[in-house]
Each structure stands twice: as C-alpha cells, then as structure tokens.
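The points below may be read with the model at hand.

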Amino acid sequence: MKSVYKTLILVLLALTLLAGLAATAYAGTFSRYWADDYCYAAVYHRDGLLKGTLYWYQNGGNRFAAFIMVGLSEMMGQAAVSLLPALLLAGWAAAAYFALNALTRLFGWQVSRLWLFTAALGWVFFAAYTSPDRLQTLYWRMGLLHYSLPLVLLLVQAGVVLRAGRSHAAPAGWLAAGLFGLLALFGAGLSETAAALQTSLYLLAAGWLAWKKLLRKSRVVFVLTGGLAGSLLAMVMMAFSPANEWRQALLPPPPSLAVWFGTLIRYTGDFVFDTVRTLPLPLLVWMMFCAALGWLMKDEPVRVKNAGLAGVLLLGGGVIGTAAAIAPSVYAGLQYPAGRALMTARFPLLCGAGLVAAVFGLWLKGQMPSAAQRWMSAAVLVVLLAVGIYGLRAVRLPLEEAQTLSVKAERWEARQAQILAQRAGGQDEVVVRQVDVVSTLEDFMPQAEHWVNTCAADYYQVEAIIAQP
C-alpha cells in the first residue's frame, strides 16, 4: 500500500510541475522579434549561415554558436521564436533526466523512471521559476540562446561524463573525445558567461578526480580532456574575436587583476545573499523537494560516508560556478551582471543547494531505525504534496505573463503589418507609431539611427524605420 501511495503522490507532483512548465511554454508562444533578434536575423538573411557566422564573429559579436542557432531558427521562419521556449523547456527536462539517470547509475542505484521524471521536471521547474529575468531568459530568443540553452547543454555534458565514470562503460577514445569536445565548444560558444561556467566545472571535476586518484580511468580522462579542450578553445576564439574591439571600447577591462578579483568576490557574495533574501520560500521548497526525493531514492537505507564533507564540496562547487558565471561581466567594465546573465549564475547555486539537500535526505534515511523510517516516509510524502500545492500556486505567474505578452504580441503584429504594407507601397522610409511591444528591452525609437531601428530596417529591407510617439 505504501508503494501505491508513493506512486500516486509522485504522479500528482509530476503533473503539477508539468502544468507549470506547460504554462511557461504557453506564455512563450507570444514571443516575437525583440531588440537583438533583428540584428542577428538581418545578417543571416543577407549572408546565409556560414558567411553570416563569419561576418558576425568579425563585426557583430564573439558568440559564434548563438549565431548558428539563430540561423537554424530563421530557417523555420518567424514563428520559430514562439516555439523556442517550449523546445527549450522540453530539452532541459530531457537533459536533466539524462544527467540524473547517469548519476544514479554511477553509484549502482536502480531508481524508478517515475522518480527520475519527477526529479527532472522539478529541477527545470524551479530553475525557470526562480529565473532573475524570465522574459529575457525564457521568452526572448537571444537571451534564451545566450544564457538558458547553455544550461541544457551543460546537463547533457554532465550526463556523458557521469556515464563515462561507470566501471563497465564502453572504452572511450580520441574520436569520442573529439566529438564531445565539439559539443563543449558549441555550448561554450553561446556566451562568455556559459564558457566561464562550463570551463570552471570541468576544472573542478578534473581536480576532484585527481584528489580521489581516479584520473587513471581512461574513459573519464578522454571525455574530460575533450570537454575541457572544447571549452578553452571557445574562450580563446571569443577572446580573439575582432568584434571585441568596439565592445571593450565601451566596457574596458579592469585596471588590474586584483581589482577584478576583489570585485568578483564582492558581487558573488552580494548575489548569493540577494538570492537567499529575495527567494526564501522558493529556496526552502526546492530543498524540501530535493531532500524528500533523496529519501525516496532507495527503498532500503544507504550508508552515506562523509556526508558533511560531500555537502560542503557540493555547495562550494555551486558557489564557485556562480562566481565563474559572474566573472565575464565583472571583466567588462566592472559591471554587476544583468538579470539575463544571472540566470547562468543562479543555476549552479540551485544545483549545489539541491544536491546538498538530496544527500541529507539519503543520509538521514541511513541513520534512522526501521520503525522511525515508516513514520518519516509518511512525512516525506506529505512534504511532496505540499510541494505540489506550491507548484500549482506558482502556475499563476506564467499565466499572468501570458496575458501581458499576448497584448504586446498583438501590437507587434499590427506594427509589422504597417511596415510590410508601407514597404509594399514603395516607401523606403517607414513610419510607424511608437508602441509598447516589450518590457525591459530596447525597441524602436523616433531616431532612425537608433541601433534597434537600424537593425530592423536591415531586416525588413527598407532604408529607415522611424517610430513616432
């Protein structure tokens, strides 16, 4: 009977988490071309994928992989931007499932697919729900590609590394390392923030393996070598992009390494403190969720050795990952990262805290006597019910966002119809009414030389676009 209750509650919880993600995907259907979307798309339609990528790398920006993703999106037309949020969330959940499955198999634990499915949905749900800027990281194509997609690819890479760590895994060779390196190269090439986070995690993994004297496992060495090489190559490619000249003219590097490091430590501490201060309830529910799943992971108790040390290392790794993600913004003019960049910084912090809670749940079950475990198991199921109720309550946020975005999407479509009608009528200088089509991002201005106006004019293939108040 206990197994029936456990299955029922996990199913209900999975459905509530799925409802929250579905509501977010629905809100994403009202995404449209905003700000940088016009710039990337204009270059793609003028130069194509290969030539456009090279042009962008030399003149527009150093994030070469992001341009490739824009090109693939443009092949499907404008409607693709409204599908990307749903595709991202689905891919993110699949990647989380893959990584969790690899992690449990590494320890030889057989867990149910329902457990894995629920854990993966919860991982993505809380990451999306606690996003520092949901519009710019989930609904805006360029923010999604720069700061959210790298997290999906990072989980895929984590799953591959964990699978390589299994003693009976198939031998890996230099070909496998090279292919994995290409994946790492692409993921890191989406943004400097992604590259810094990814490289730091590879270095942490290599350091841990060296400490545990496990680097003799050739399977892991091949994979880590490919991943680290791909990440470092992406950083070098972005560092030597000719487009960096104009960017560094606007945001010069810090005067010294000491100033950069001191500012990085301060900003990292500020961000960690701000996360705890502004998200106390979501963080508490997230850790309750992870601790409960840690308890339910195995039917029989598992003796966890050095649980305290494991917790310190996991949380420390999360904080280091957060600092790495903040580092590129600090290098660019000692800036505190924008909300969209903080998406990449918050994810390792959430992962570290969640893994600590999961280890605690697993450790606690191994410490309690059998009689107490029965009562505690019932309490854990109640906790998961509470998490499900919280998840249903949280669905309101994306639904409210969908309502706002739908109104602005109608305005955007009316404005585009004006542009296309004037262009069809032979007008080279298009005049539209200045309307609110997106919040927190720059849009058309009365000045034709404004960068968004210029990019949009290139995209629509007219001489100029002017937005009259």
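1. A residue is called buried here when its relative accessible area is under 20%, exposed when that area is over 50%, and partly exposed in between. By this criterion arginine 134 and glutamate 401 are both buried. The model under discussion is predicted.

2. The side chains of arginine 134 and glutamate 401 form a salt bridge, with 2.8 Å from N to O. This pair connects distant parts of the chain, since arginine 134 belongs to helix H7 (residues 134-139) and glutamate 401 to helix H18, 267 residues apart.

3. How many salt bridges does a search of the whole structure find? The search gives eleven. One of them joins the side chains of arginine 141 and aspartate 37, at 3.1 Å from N to O. Arginine 141 lies in helix H8 (residues 141-164) and aspartate 37 in helix H2 (residues 36-47), so this pair ties together parts that are 104 residues apart in sequence. Arginine 141 and aspartate 37 are both buried.

4. Another salt bridge pairs aspartate 436 with arginine 411, the closest N and O atoms being 4.0 Å apart. Aspartate 436 sits in the loop between strand E1 (429-433) and helix H19 (451-460), whereas arginine 411 is in helix H18, 25 residues apart. Aspartate 436 is partly exposed because its relative accessible area is 37%; arginine 411, at 35%, is likewise partly exposed. Elsewhere, salt bridges with shared partners join Asp37, Glu74 and Arg141 into one network.

5. Helix H18 (residues 396-424) has 29 residues and should span 42 Å at 1.5 Å a residue; its end C-alpha atoms are 42 Å apart, which agrees. Its buried residues include Pro398, Glu401, Leu405, Trp412 and Ile419. After H18 comes glycine 426, which has a positive phi, near 90 degrees.

6. Two cavities of 30 Å³ or more are found in the whole structure. The largest cavity holds about 50 Å³ of space. Among the residues lining the largest cavity are Gly20, Phe125, Arg134, Val395 and Pro398. Helices H1 and H6 each contribute at least two residues to that lining.

7. Phenylalanine 117 comes from helix H6 (residues 113-129). With a relative accessible area of 37%, phenylalanine 117 is partly exposed.

How values were computed
Residues numbered from 1 in each chain as written. Predicted model: local features only at pLDDT ≥ 70, side-chain atom pairs only at ≥ 80, totals over all residues. Heavy atoms only, no water. Helix = DSSP H or I, 4+ residues; strand = E, 2+ residues; numbered from the N terminus. Buried < 20%, exposed > 50% of the residue type's maximum accessible area, 1.4 Å probe, protein only. Expected span 1.5 Å × (residues − 1). 1 Å grid on protein atoms, 1.4 Å probe; cavity = no way out; pocket = protein on both sides within 12 Å on 5 of 7 lines; lining within 4 Å. Points joined across faces, edges and corners; volume = space filled by probe spheres on them.
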